[in-house]
Amino acid sequence: MPDTVTPQPNDPNRVVDADSPVREIKGVEEVKEEIGLCLSGGGYRAMVFHIGVLWRLNQAGWLPRLDRISSVSGGSITSAVLGMRWNELAFDIRGVAQRFGEVVVAPLRGLAGQTIDKPSILGGIFGFGTISEKVAKAYDKHLYQGATLQALPDAPRFVINATSVQSGALWRFSKPYMADYRVGRVNNPQVRLADAVAASSAFPPVLSPSALKMKPGAVKSMPGTDLDQAPYTTDAVLTDGGVYDNMGLETVWKNHKTVLVSDAGGKMQPEPEPHEDWARHFIRIIDIVDNQVRSLRKQQVIAAYLQGKRKGAYWGIRSNVEDFKLADALPCPFSRTLALANTETRLKEMPGELQERLINWGYAVCDTALRKHVDLAIPKGEFPYPRGV
């Protein structure tokens with residue numbers, strides 16, 4: 001379906017199941033007039049695409065208007081850098097960060113020039129430590145340099161999402177607490193940002209799982225917890241946040257009226273002769289499940305916009321800007337943006353030209369969605385890099 005549609009409340013063919021695109025957690029607050037941003041996963045492809053998205057939001061003065069930024073996987077790499085460096089951004093009176101390029105874009109582009117998945121896999125197999133530990137070490141070296149969740153600002157609230165392999169629920173990392181609603185919560189966690197992001201991006205099967213040890217007694221029970229005992233409370237086994245919530249919706253959707261969704265996720269490709277060995281067949285089945293869940297969430301998010309249950313906009317790396325029907329959208333030929341969307345989901349060195357085109361594409365589609373559906377007063381943006389998409 002198109003990524004943007006004109007609301008037609010009386011249309012009997014519209015999608016109507018928009019009440020809850022994500023599983024509810026007990027104790028949810030009422031929806032508030034707050035703004036949340038969701039950043040999906042997708043390896044370096046997502047990390048770089050979301051740089052462009054944040055770039056456009058910054059120029060529009062929207063970064064300090066955000067109340068919550070929720071991320072999974074590759075989106076968490078970008079989000080954690082933004083959060084860690086938030087107090088260095090130097091916002092002016094318009095709400096525009098003057099040092100965005102220096103403190104956010106530059107380090108992330110530096111990481112995009114490094115391959116960390118293959119060396120981590122080889123090191124985890126043939127050396128000491130796990131694959132996830134190797135990934136975390138690389139993140140820490142290039143981006144976070146020992147910073148913990150306590151380096152994140154109080155506002156906006158940054159939430160880095162992983163999935164608990166033990167409970168099957170969402171495991172959320174944030175400054176005030178980390179929690180699994182079935183296990184309990186740890187207040188003021190001292191977990192390194194690199195470890196939280198490594199858990200959020202522990203893409204199965206090769207980068208997963210990520211192990212997190214907790215001191216006895218650190219996890220506090222909450223109303224409704226049913227797994228508040230060891231080993232759940234001492235040894236968390238985590239995997240990619242996208243396994244549970246592939247667009248980072250959960251922690252925003254429940255209580256934010258305005259929801260902005262940036263989806264840089266991949267799309268399953270047809271496979272005329274599927275592999276029959278158990279390993280590759282299993283990976284194919286995972287891809288099918290992920291593809292279906294992502295499609296359903298997208299449809300339900302858009303339906304909620306149509307019905308007035310949420311305000312905001314969805315844009316995706318596979319969007320066609322022509323579907324937004326914005327007369328002065330930045331020029332983004334669909335054939336070129338679709339080629340960018342097909343960039344492989346890896347933590348693999350990305351050429352500078354490809355980085356710039358992905359950043360431009362994230363910027364452009366965010367610009368289009370914002371000016372069409374969110375804030376008509378925003379002036380048209382210009383590509384961060386002259387080459388376009």
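Predicted model: local features only at pLDDT ≥ 70, side-chain atom pairs only at ≥ 80, totals over all residues.
The protein as a whole averages a pLDDT of 90, and 89% of the residues score at least 70.

Next, the salt bridges. Side chains of opposite charge can pair when their charged atoms come close. How many salt bridges does a search of the whole structure find? The search gives 20.

One of them pairs Lys311 with Glu33, at 3.5 Å from N to O. Lys311 sits in strand 10 and Glu33 in strand 1, and the two are 278 residues apart, so this pair links distant parts of the chain. Lys311 is partly exposed at 43% relative accessible area, while Glu33 is exposed at 63%.

Now Glu356. Its side chain meets that of Arg109 in a salt bridge, again given as N to O, 3.5 Å. Arg109 belongs to helix 3 and Glu356 to helix 10, 247 residues apart. Glu356 also forms a salt bridge with Arg387, with the closest N and O atoms 2.9 Å apart. Arg387 lies in the segment after helix 10, 31 residues from Glu356. Is Glu356 buried or exposed? Glu356 is buried, because its relative accessible area is 17% and the cut-off is under 20%. Arg387 is partly exposed, at 43%. Elsewhere, salt bridges with shared partners join Arg56, Asp328, Asp367 and Arg371 into one network.

Last, Ser120 in helix 4, residues 117–126. Ser120 is buried, at 4% relative accessibility. Leaving out residues up to four places away in sequence, Ser120 touches Ile131, Lys134 and Val135.

Terms used. Residues numbered from 1 in each chain as written. Heavy atoms only, no water. Helix = DSSP H or I, 4+ residues; strand = E, 2+ residues; numbered from the N terminus. Buried < 20%, exposed > 50% of the residue type's maximum accessible area, 1.4 Å probe, protein only. Contact = heavy atoms within 4.5 Å. pLDDT = per-residue confidence, 0-100. Salt bridge = Lys/Arg side-chain N within 4 Å of Asp/Glu carboxyl O.
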